Amino acid sequence: MSAATTRSRTARTPALDRLCAEAVDLARAAAEEAAAPGVVGEHVGLVSEGDRVVTHFFECREPGYRGWRWAVTVARASRAKNVTLDETVLLPGSDALLAPEWVPWSERLRPGDMGPGDLLPTEADDLRLEPGYTGEDEPPPNSAVFEVSREMADLVDAEDAELTTRPTTTSRGSIAAVAEELGMRRARVLSRYGLHTAADRWDEGFGAKTPMAQAAPASCVTCAFLVPLAGSLKQAFGVCANEFGPADGHVVSLSYGCGGHSEAAVMPKPPKPAPHALDTMQVDEYPLRPARDSGSVPAEPDAPTEDLGHS
């Protein structure tokens, strides 16, 4: 027997069993029992699943399940005439209305989604965080590092005894005190990746490329309303404290700006209107008859003229 003949027999389509194909009423009764009367629609087709195994499909009229079909599988034993029920299930069709693919909550979460009482746990391998210093790995009392730390603490206490007070939680000069002063005495702190992602996010919202900054008279680095940050982020960011500005209470880039800059030009005063050419507040007096000396013709008669001999 050749290999081609073996493959053709293995991949052949099973023949449709006549008795299982005719068991439409049995399949409909099973579908109505699983769903509800009136929800199962017309018989829309069938398919042969194997030897003496057929699946019948019925239209689903349930609201919200457009394009879904009730699939009822029936089968019969070899040389048996009784068809039995195998399985009843609701399956989507080719044009079924399906729910979107499930996405983990960590990927669905967006800024502003958290509300009062919500908890947002962080993963142990979060790339935004790295281990801090909590003092649990403090050197043992008998180690050389501990002796150096104790000598440094005694020296600092001797020099600053009159100027500073001894801390109650950590000893002066210890590694824990230095870590606490630097703000790193926490279980985890921001990693370099976490700092970069936060800086990119802040710069995108309130940075130099925003339309507000493009139209601003000056940048925030020269504004009196800018409150600088601490740490390495103070070189590029601050907090806006202008209650009338669009970024009040937000972290802004030093290259950001708005119209509320503290050194913005003072609005010029409106120009004073020119006086009227015609004075309407006074009454001009006009005489009924002109004055004698106001005309171009003298009031006295001319001197007598000589007789020129004309008749």
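Helices (H or I, at least four residues) and strands (E, at least two) are DSSP runs, numbered from the N terminus. The model is predicted: local features need pLDDT of at least 70, side-chain atom pairs count only at pLDDT 80 or more, and totals for chains, interfaces and linings use all residues. Residues are numbered from 1 along each chain as its sequence is written, and side-chain values use heavy atoms, with hydrogens and water left out.

**Exercise 1.** Describe the lining of the largest pocket.

Solution. 
- Step 1: The volume of the largest pocket is about 750 Å³. A pocket is an open set of points on a 1 Å grid, where a 1.4 Å probe fits, with protein on both sides within 12 Å along at least five of seven lines; lining residues have an atom within 4 Å of a point.
- Step 2: There are 23 lining residues, and Ser 106, Leu 109, Leu 120, Asp 126 and Arg 128 lie nearest the centre.
- Step 3: Helices H4 (105-108) and H7 (192-205) each supply at least two lining residues; H7 gives the most, with five.
- Step 4: By class, 11 lining residues are nonpolar, five polar and seven charged.

**Exercise 2.** Find the three salt bridges and locate their partners.

Solution. 
- Step 1: A salt bridge is a side-chain nitrogen of Lys or Arg within 4 Å of a carboxyl oxygen of Asp or Glu.
- Step 2: Asp 17 pairs with Arg 76, with the closest N and O atoms 2.9 Å apart. Asp 17 is in the loop between H1 (3-10) and H2 (18-21), and Arg 76 is in the loop between E3 (68-75) and E4 (84-92), 59 residues apart. Both Asp 17 and Arg 76 are buried.
- Step 3: Glu 22 pairs with Arg 18 at 3.4 Å between the closest N and O atoms. Glu 22 counts as exposed at 53% relative accessibility, and Arg 18 counts as exposed at 54%.
- Step 4: Arg 61 pairs with Glu 42, the closest N and O atoms being 3.9 Å apart. Arg 61 lies in the loop between E2 (53-60) and E3, and Glu 42 in E1 (residues 40-50), so this bridge ties together parts 19 residues apart in sequence.

Technical notes
Points joined across faces, edges and corners; volume = space filled by probe spheres on them. Nonpolar A, V, L, I, M, F, W, Y, C, P; charged D, E, K, R; others polar. Buried < 20%, exposed > 50% of the residue type's maximum accessible area, 1.4 Å probe, protein only.
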